[in-house]
Amino acid sequence: MSRLPGVVTLSADTVGQPGNLPRHCSRHGLPAVRQQDFVLQSKVKLEGNRALLQSNVIGMSERLSDYGKKVRTADVKGWPLCRKCTRSRALWLAVASVMFFGGLATFVGSLVVAAVADDMQWLGGVAFAAFAVLPLAAFPFSLGSLPRLTGARTSPDGASVIIEQPSQAFAAELPPAQ
């Protein structure tokens with residue numbers, strides 16, 4: 001484990017074992033009301049011209065293959081989440097679900113009604129708006145993601161987990177830096 005100002009780095013083995021993490025939230029410093037298991041994934045930068053690589057199926061498959069070879073993951077067991085984090089996650093995931101499934105139901109419903117009913121061209125606009133809402137559901141979904149809520153990310157090699165700006169209560173319960 002290493003500590004820089006505002007950054008704590010823990011080994012992936014440490015966070016992968018249940019019971020090794022503090023009992024306080026890394027973001028707010030409040031007592032944990034829930035422990036969550038999840039997988040952190042490293043960010044990967046691929047080389048090459050993106051437009052040329054995505055112009056055909058072979059280029060896209062090569063890009064996905066390179067991505068799969070370079071990405072690293074770290075299993076996290078028992079990450080502490082406080083009541084604020086749990087509520088925030090539930091809220092954003094509920095908003096994402098309403099946007100996605102509501103948009104999907106509205107899209108399909110407006111197309112069905114427009115096909116059955118006469119003189120209802122305005123339903124095409126409703127279908128278009130509902131279809132536009134579907135990809136927008138990704139934004140609240142990302143706001144409720146565990147890596148964003150916890151402030152944790154995996155190092156490029158996957159050997160450690162980096163926590164940016166952890167709360168004082170979380171940092172105080174970590175073992176001393178070696």
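**Reading a predicted protein chain: fold, core, cysteines and surface**

Modeller: The protein chain contains 8 helices and 6 strands, where helices (H or I, at least four residues) and strands (E, at least two) are DSSP runs numbered from the N terminus. This is a predicted model, in which local features need pLDDT of at least 70 and side-chain atom pairs count only at pLDDT 80 or more, while totals for chains, interfaces and linings use all residues. Residues are numbered from 1 along each chain as its sequence is written, and side-chain values use heavy atoms, with hydrogens and water left out.

Colleague: Which pattern does the protein chain follow along the sequence?

Modeller: The pattern is β-β-α-β-α-α-β-α-α-α-α-β-β-α. Contact means heavy atoms within 4.5 Å. Among contacts in the protein chain between residues at least 6 apart in sequence, 77% join residues at least 24 apart.

Colleague: How is burial to be read, and what percentage of the 178 residues count as buried?

Modeller: Buried means under 20% relative accessible area, exposed over 50%, and partly exposed in between (1.4 Å probe, protein chains only). Of the 178 residues, 29% count as buried.

Colleague: Which residues touch the most other members of the largest nonpolar core?

Modeller: A nonpolar core is a set of buried Ala, Val, Leu, Ile, Met, Phe, Trp, Tyr and Cys residues joined through side-chain atoms within 4.5 Å. Here the largest one has 20 residues, of which L10, V76, W79, V161 and I163 touch the most other members. Two or more residues each come from β2 (7–11), α1 (12–15), β3 (34–41), β4 (73–81) and β6 (160–164); β4 gives the largest share, 4 residues. Leaving aside neighbours within four places in sequence, the contacts of V161 include V8, L10, L40 and A74.

Colleague: How many disulfides does a search of the whole structure find?

Modeller: A disulfide is a covalent bond between the sulfur atoms of two cysteines. The criterion is a pair of cysteine sulfur atoms within 2.5 Å, and the search finds 0. For C82, the nearest cysteine sulfur, that of C25, is 3.7 Å away. C82 counts as buried because its relative accessibility is 0%, and C85 is buried at 1%.

Colleague: Why does F100 count as partly exposed?

Modeller: F100, found in helix α4 (residues 83–116), counts as partly exposed because its relative accessibility is 35%.
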